[in-house]
Amino acid sequence: MLSIRKVNSVLGAEIMGIDLSKGIDKPTIQKINELWLEHEVIFFRNQQLSPEQHIAFSEQLGEVEVHVRTDCCKPGYPKLFVVSNIVKNGKLIGAGDAGTNWHSDGCCVEKPSRGSILYAKVIPEVNGIALGDTMFSSMTKAYEALPDDMKVQLNNMRAVNSYVKGYYRPIRVGKRPELTEQQKNKVPDLDIPIVRLHPLTRKPCLFINETFTSKIVGMSETESKEILDYLFKHTTTPSFVYRHKWQKGDLLLWDNCSTLHCAIADYLPLPRLMERTTIVGTERVTALAACRT
């Protein structure tokens, strides 16, 4: 029987009593969806899933997307994006440096990803202590905690999100291949509201991040940098953050609209292997201000 354990007062909950490999009926999927929206990050321990089972569970929650970096997808499974620093035949088997800065996935497209489902297959350890934690920060709580006058100001602002900016950031593992013009054309720079309404809960969330957000529209670089630097620091305040300590067999879901996440690369050069599906977003970013006029 399904039960839950909150792991943080702000976000995060463990879902217990479910073996996802056996298939999930519609009422249980509905309950999982509700818990996902409520807690923003949920996870299941001790799962043993084949690639087919991982994808099948994900597809019960929505359409699964194929990442623009097809070179990092699992061979034979274009819906599984591999996050790993493991090298085979002189080549990384996945994205070795993925997620090491605060960000949200798909924030550079008109309909950002709804969320992601990450499965832990190889977890690095030293003396029995797991390394490679992932931190998640609640953007609903971060927005709620802002001064009222700043909320009013931000509600009417837009910022540019640039996939190319994030892609070419300094990295710690290997070297990223050059993006082709075709890949760049799929993810042009996009200006979107700094404060968006969650497409399902209709709660306001901050929707900027240090990896992909480059500037505020209509401001000088100096003004833009001052506000963005403040927001980047504010959104990652420890009181908004849940730090997940991975175990092999964890399957973790995060809400991509209402959270940021950041992987901690403290395990190098130990091997780490994760496989991820991502649920397609179904709604353009809606500004909070647009709904109050």
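A charge counts as sitting over a ring if NZ of Lys or CZ of Arg is within 6 Å of the ring centre and within 35 degrees of the ring normal. By that test, Arg196 lies over the face of Phe207, 4.7 Å from the ring centre. Lys151 does likewise with Tyr143, at 5.4 Å from the ring centre. This is a predicted model, in which local features need pLDDT of at least 70 and side-chain atom pairs count only at pLDDT 80 or more, while totals for chains, interfaces and linings use all residues. Residues are numbered from 1 along each chain as its sequence is written, and side-chain values use heavy atoms, with hydrogens and water left out.

On to the aromatic rings. A pair of aromatic rings is described by the distance of the centres and the angle of the planes. Here, rings of Phe, Tyr and Trp (its six-membered ring) pair if their centres lie within 6.5 Å; planes under 30 degrees apart are called stacked, over 60 edge-to-face, and the rest tilted. Searching the whole structure turns up three such pairs. One of them, Phe43 with Tyr242, is stacked, with 6.4 Å from centre to centre and 5° between the planes. Phe43 belongs to strand β3 (residues 41-44) and Tyr242 to strand β17 (residues 241-244), so the pair ties together parts 199 residues apart in sequence. Helices (H or I, at least four residues) and strands (E, at least two) are DSSP runs, numbered from the N terminus. Phe43 and Tyr242 are both buried, where buried means under 20% relative accessible area, exposed over 50%, and partly exposed in between (1.4 Å probe, protein chains only).

Phe44 and Phe57 make an edge-to-face pair, at 6.1 Å centre to centre and 85° between the planes. Phe44 is in strand β3 and Phe57 in helix α2 (residues 51-59), so this pair ties together parts 13 residues apart in sequence. Both Phe44 and Phe57 are buried. In α2, the buried set is Pro51, His54, Ile55, Phe57 and Ser58. Viewed down the axis of α2, these residues fall within an arc of 160°, so they line one face of the helix; the arc is that of the directions from the helix axis to the C-beta atoms.

Past the end of that helix, Gln60 sits in the loop between α2 and β4 (73-74). Gln60 is partly exposed, at 35% relative accessibility. Contact means heavy atoms within 4.5 Å, and, leaving aside neighbours within four places in sequence, Gln60 is in contact with Ile24 and Ile29. Gln60 and Gly96, 36 residues apart in sequence, are 28 Å apart in space, C-alpha to C-alpha.

Next, the nonpolar cores. A nonpolar core is a set of buried Ala, Val, Leu, Ile, Met, Phe, Trp, Tyr and Cys residues joined through side-chain atoms within 4.5 Å. The largest has 26 residues, of which Leu146, Leu154, Ile194, Leu206, Ile227 and Leu231 touch the most other members. Two or more residues of this core come from each of α3 (139-144), α4 (148-154), β15 (204-206), α7 (221-235) and β19 (259-263). Helix α7 gives the largest share, four residues. Not counting residues up to four places away in sequence, Ile194 touches Leu154, Met157, Arg158, Ala159, Cys205, Leu206, Phe207, Ile208, Ile216 and Leu231. A second, separate core of 20 residues includes Ile32, Leu49, Leu61 and Leu253.

What about disulfides? A disulfide is a pair of cysteine sulfur atoms within 2.5 Å, and the count by this rule is zero. The sulfur of Cys72 has its closest cysteine sulfur in Cys73, at 7.3 Å, too far for a bond. Cys72 is buried, with 1% relative accessible area, and Cys73 also counts as buried, at 10%.

The peptide bond from Leu268 to Pro269 is cis, with omega near 10°, and Pro269 is placed in the loop between β19 and β20 (273-279). Glu40, a residue other than glycine, has a positive phi, near 70°. Glu40 is found in the loop between α1 (26-39) and β3, and is buried at 7% relative accessibility. Asn127 is not a glycine either, yet has a positive phi of about 55°. Asn127 lies in the loop between β9 (125-126) and β10 (129-130), and is exposed, with a relative accessible area of 78%.
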